[in-house]
Amino acid sequence: MRFVIVTGMSGAGKITSLKIFEDNGYYCVDNLPIPLIENFADLLFSQTSEKNKVAIGVDIRSGEQLDKMADILNDMKRKDQNYEILFLDCNNSTLIKRFKETRRSHPMGDGDSFENEINAERKQLEFLRKQADYIIDTSNLLVRELRSEIEKIFVMNRDFKNLFITIMSFGFKYGVPADCDLVFDVRFLPNPFYVPELKHKTGEDREVQQFVLNSPVSKEFLHKLTDMIEFLIPNYIDEGKNQLIIGIGCTGGHHRSVTVANELFQQLNDSQANYGIRIAHRDITR
């Protein structure tokens, strides 16, 4: 029996995640009243039917009953009913943006600001986050990337250490991305902008890549950058970090930053790695 409790911040993707579980053969129940969860678990663990993969959604909509969840989890442990907790997190600014885009109110909405409602929810769910086996931060994830992470854990049964890496190219002229953990300035590398036949191409084009990477300085920088990031990743995992955003910036975000970001992504993108990874080019179309 695989019993997964899917929880997390409102707007972080819990309903989408339950659909992904369902697509992969899980029997899914959302927002089951808290007092019924223990009875539901007793029924499932005592039978041998085809329902041996179950995911239930638990969130702030349970209101005051949510406080009883800690006792239920303790009782399940006492009965040797093994469960896993998937916690979906997201930063406040992205959550606010999602609520505004969908024109939906926060489940704790009482006329207060989104920021205060989200902070109050985060505080009430903290006990579940601390007990979570897996934490996925969806702040920068597309649905297909979320699907990939969930399937990696709950379908392919791969080890998961809660770290998702985003490598983001950008242009300094448009500002440094506010949520970057690490920022690297590559404006010292050879600039294709001043080569007429390369000016209107990007780091996605082979000619630009060759121009930037053929420099000895570029090769040495990429080697040292990759070596440092590979050193940092296991240390971030041990520290409990669940999201790492690496910003690679040049002047306009078209040539050098895109090239270096793509190369770093290729170096770190290992299907057997115990972290997820994605590439994003913020300013490539500007």
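This is a predicted model: local features need pLDDT of at least 70, side-chain atom pairs count only at pLDDT 80 or more; totals for chains, interfaces and linings use all residues.
Which elements cover the buried residues of α3? Residues are numbered from 1 along each chain as its sequence is written, and side-chain values use heavy atoms, without hydrogens and water.

**View 1. Surroundings of helix α3.** The buried residues of α3 (69-78) are Met69, Ile72, Leu73 and Met76 (buried, under 20% relative accessible area; exposed, over 50%; partly exposed in between; 1.4 Å probe, protein chains only). They lie on the same side of α3, because they cover an arc of only 100° around the axis (arc of the directions from the helix axis to the C-beta atoms). Their cover includes β1, α2, β4 (84-89) and α5 (114-131). Lys77 and Arg78 are exposed on the face turned away from the buried side. Just after α3, Asp80 has a positive phi of about 60°.

**View 2. Buried side of helix α2.** In α2 (residues 34-46), Ile34, Ile37, Glu38, Phe40, Ala41 and Leu44 are buried. Their arc of only 165° around the axis puts them on the same side of α2. They pack against β1 (2-8), β2 (27-30), β3 (53-57) and α3. Leu43 and Ser46 are exposed on the other side.

**View 3. Packing of helices α1 and α6.** Helix α1 (residues 14-23) packs with α6 (residues 143-154) at an angle of about 55°, and their axes are 10 Å apart. The crossing is right-handed.

How values were computed:
Axes are lines fitted to C-alpha atoms, for helices over the stretch in contact, and angles run from 0 to 180 degrees between N-to-C directions. Helices (H or I, at least four residues) and strands (E, at least two) are DSSP runs, numbered from the N terminus. A crossing is left-handed if the near helix is turned anticlockwise from the far one by less than a right angle, and right-handed if clockwise. Contact means heavy atoms within 4.5 Å.
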